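Q: I'm new to this one and would like to learn how to read it. Could you walk me through it, feature by feature?

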Amino acid sequence: MPMTAHEIEELLRETFPDADIQVGGTDGVHMSAMVIDESFRGKNRVQQQRAVYAALKGKMDGSSGELHALALTTKAPE
């Protein structure tokens, strides 16, 4: 079952409650997200993106994943 932008944002908010989060996309399968959070400071892009994928709690795992593709931008606040 595809995910809504709201559902994705809710999952991300559990891990990144103070982040600036923007989720886009319309089909629920191919989505985009930008997460700007202080916890990313000092971490490289791979570490940042792994944290986001962990926050999605398996929703992208395997062939039956609810979220097929997520164009992801992560960074610490400026």
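Q: How many helices and strands are there in the protein chain?

A: Before counting, note that this is a predicted model: local features need pLDDT of at least 70, side-chain atom pairs count only at pLDDT 80 or more, and totals for chains, interfaces and linings use all residues. Residues are numbered from 1 along each chain as its sequence is written, and side-chain values use heavy atoms, with hydrogens and water left out. Helices (H or I, at least four residues) and strands (E, at least two) are DSSP runs, numbered from the N terminus. Here you'll find two helices and three strands, and along the sequence they follow the pattern α-β-β-α-β.

Q: In what order do the strands sit in the sheet?

A: Strands of a sheet pair through backbone hydrogen bonds, either parallel or antiparallel. For pairing, DSSP has to find at least two bridges between two strands. In this model the order is S1-S2-S3, in an open sheet with mixed pairing. S1 (20-24) and S3 (69-75) are the edge strands, each pairing on one side only.

Q: Which way does each pair run, parallel or antiparallel?

A: S1 and S2 (residues 30-36) run antiparallel, joined by five bridges. Look for Gly24 opposite Ser32 in S2, and Asp20 opposite Ile36 in S2. S2 and S3 pair in the parallel sense over seven bridges, and there Ile36 stands opposite Lys75 in S3.

Q: What happens between S1 and S2?

A: They form a hairpin with five residues between the strands, where Gly25 takes a positive phi near 120 degrees.

Q: What does the radius of gyration say about the protein chain?

A: It's taken over C-alpha atoms, and the globule rule is 2.2 Å times the number of residues to the power 0.38. With 78 residues, a compact globule would come out near 12 Å, and the protein chain has 12 Å, which agrees.

Q: And what share of the residues counts as buried?

A: Buried means under 20% relative accessible area, exposed over 50%, and partly exposed in between (1.4 Å probe, protein chains only). Of the 78 residues here, 32% count as buried.
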